[in-house]
Amino acid sequence: MQETKQIVTNSKVKDSGAKIIFDEPILVAQFLRDYVDLPYMKNVRPEDIEDVSEQYVPLFAEERNSDRVKKIRVQEGNPFFLVSLIEHKTKVEYNVAMQIFRYIVYIWETYEKEMESKHPGISRLKDFKYPPVLPIVYYEGSDSWTVPLDFKSRIYHGDVFAKYIPDFQYYLVPICKYTNEELLEKADEISLVMLINKLQTSDDVRMFRELPAEQLEAILSDTPPHLMTIIMSILMAYLLKLNVPVDEAENLVGKVKEKKMAELFANMEHMDIQAERRNTAEQRQRAEWAEERAEQAEKRAEQAELRELQRIRNLMKNVSCTAESAMDMLGISAEEQELYLAKL
């Protein structure tokens with residue numbers, strides 16, 4: 001079995017978490033069976049899944065290097081397969097359909113080249129067909145996904161020209177639409193990972209702690225060591241995202257390794273402490289901004305005073321009058337005159 005990388009190296013922690021998840025065939029198989037309502041997916045096994053993401057590296061950017069392309073054999077003894085494109089998102093992105101369209105075309109072009117290298121001229125034959133591509137958007141954000149699922153919506157007058165433009169829909173799996181109970185009901189490792197990735201606020205953490213520990217521990221009872229490592233990595237990525245100190249994060253992650261979910265819940269209070277730390281940091285930032293604004297206001301007042309003093313001096317020079325007379329002509333109050341006299 002391929003060794004699982006335990007170190008989160010990507011500069012975007014959430015992306016790293018998704019990369020770890022969808023690099024593991026067992027978790028991918030669970031994900032497709034549990035959360036993709038397609039008959040071909042109901043009996044997919046880890047051994048049916050081949051990762052072919054490396055063929056599409058030119059399409060991957062740093063911000064999307066958690067996307068994965070899987071070649072899935074969906075029928076025993078049959079060469080028919082589909083390609084599952086798993087696009088990972090942490091926030092709403094309105095051009096996702098175009099991103100997916102580029103992937104799909106590139107996948108088909110790559111397939112055609114592979115077949116042509118084996119059987120020259122095959123793509124020009126009547127019976128030649130391209131494999132179906134199932135585009136999936138795995139969305140971890142807390143905001144509602146308000147992006148249309150179809151490609152046609154990105155085209156001017158898409159309805160009018162529907163017959164003449166490529167059109168498809170992507171399959172959306174938004175974590176925020178599943179309740180904790182619905183995820184827990186699946187009783188497998190991918191759902192436990194999704195429960196962790198679903199955490200966004202202190203309220204989410206509180207509800208997470210309220211889940212029956214015995215059900216979570218039952219999920220982990222037969223979890224193989226390499227999957228346990230992945231779950232620990234996902235939890236660590238989440239804790240580091242919250243800026244939980246490394247020693248505290250390691251202590252929490254250790255509870256998962258020991259399969260002591262009840263103790264994990266008790267120690268999750270550290271996350272709430274981190275929320276308070278962030279609040280304190282925000283208050284400190286607001287105080288710094290207020291101080292900066294006060295300094296700017298003071299500078300503006302000093303500049304206004306210098307301009308007024310110059311007006312007084314210019315008037316005294318032009319009409320050969322005293323400072324008091326000049327300030328009277330300028331309509332300066334008696335109180336202000338006392339202040340300016342000391343500086344003239």
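The model is predicted, so local features need pLDDT of at least 70 and side-chain atom pairs count only at pLDDT 80 or more, whereas totals for chains, interfaces and linings use all residues. Residues are numbered from 1 along each chain as its sequence is written, and side-chain values use heavy atoms, with hydrogens and water left out.

A334 belongs to helix 13, which covers residues 334-341. Helices (H or I, at least four residues) and strands (E, at least two) are DSSP runs numbered from the N terminus. Between A334 and E324 there are 9.2 Å in space, C-alpha to C-alpha, and 10 residues in sequence.

## Nonpolar cores

A nonpolar core is a set of buried Ala, Val, Leu, Ile, Met, Phe, Trp, Tyr and Cys residues joined through side-chain atoms within 4.5 Å. The largest one holds 54 residues, and F31, L32 and M194 touch the most other members. Helix 8 (residues 225-241) gives the most to this core, namely 10 residues. Another core, of 19 residues, lies apart from it and includes Y56, V96, Y139 and F168.

Beyond its neighbours within four places in sequence, L32 is in contact with M41, V44, I49, I72, S84 and I136, where contact means heavy atoms within 4.5 Å.

## Aromatic rings

Rings of Phe, Tyr and Trp (its six-membered ring) pair if their centres lie within 6.5 Å; planes under 30 degrees apart count as stacked, over 60 as edge-to-face and the rest as tilted. By this rule there are 13 aromatic pairs. One of them joins F128 and Y130 edge-to-face, at 5.0 Å centre to centre with 85° between the planes. F128 is buried, at a relative accessible area of 13%, while Y130 is partly exposed at 37%.

Ring pairs also link F22, F31, Y35, Y138 and Y178 into a cluster. The charged end of K186 sits over the ring of Y35, 5.6 Å from its centre; this requires NZ of Lys or CZ of Arg within 6 Å of the ring centre and within 35 degrees of the ring normal.

## Cysteines

The whole structure contains zero disulfides, a disulfide being a pair of cysteine sulfur atoms within 2.5 Å. C176 is partly exposed, with 29% relative accessibility, and C321 is buried, with a relative accessible area of 18%.

Terms used
Buried < 20%, exposed > 50% of the residue type's maximum accessible area, 1.4 Å probe, protein only.
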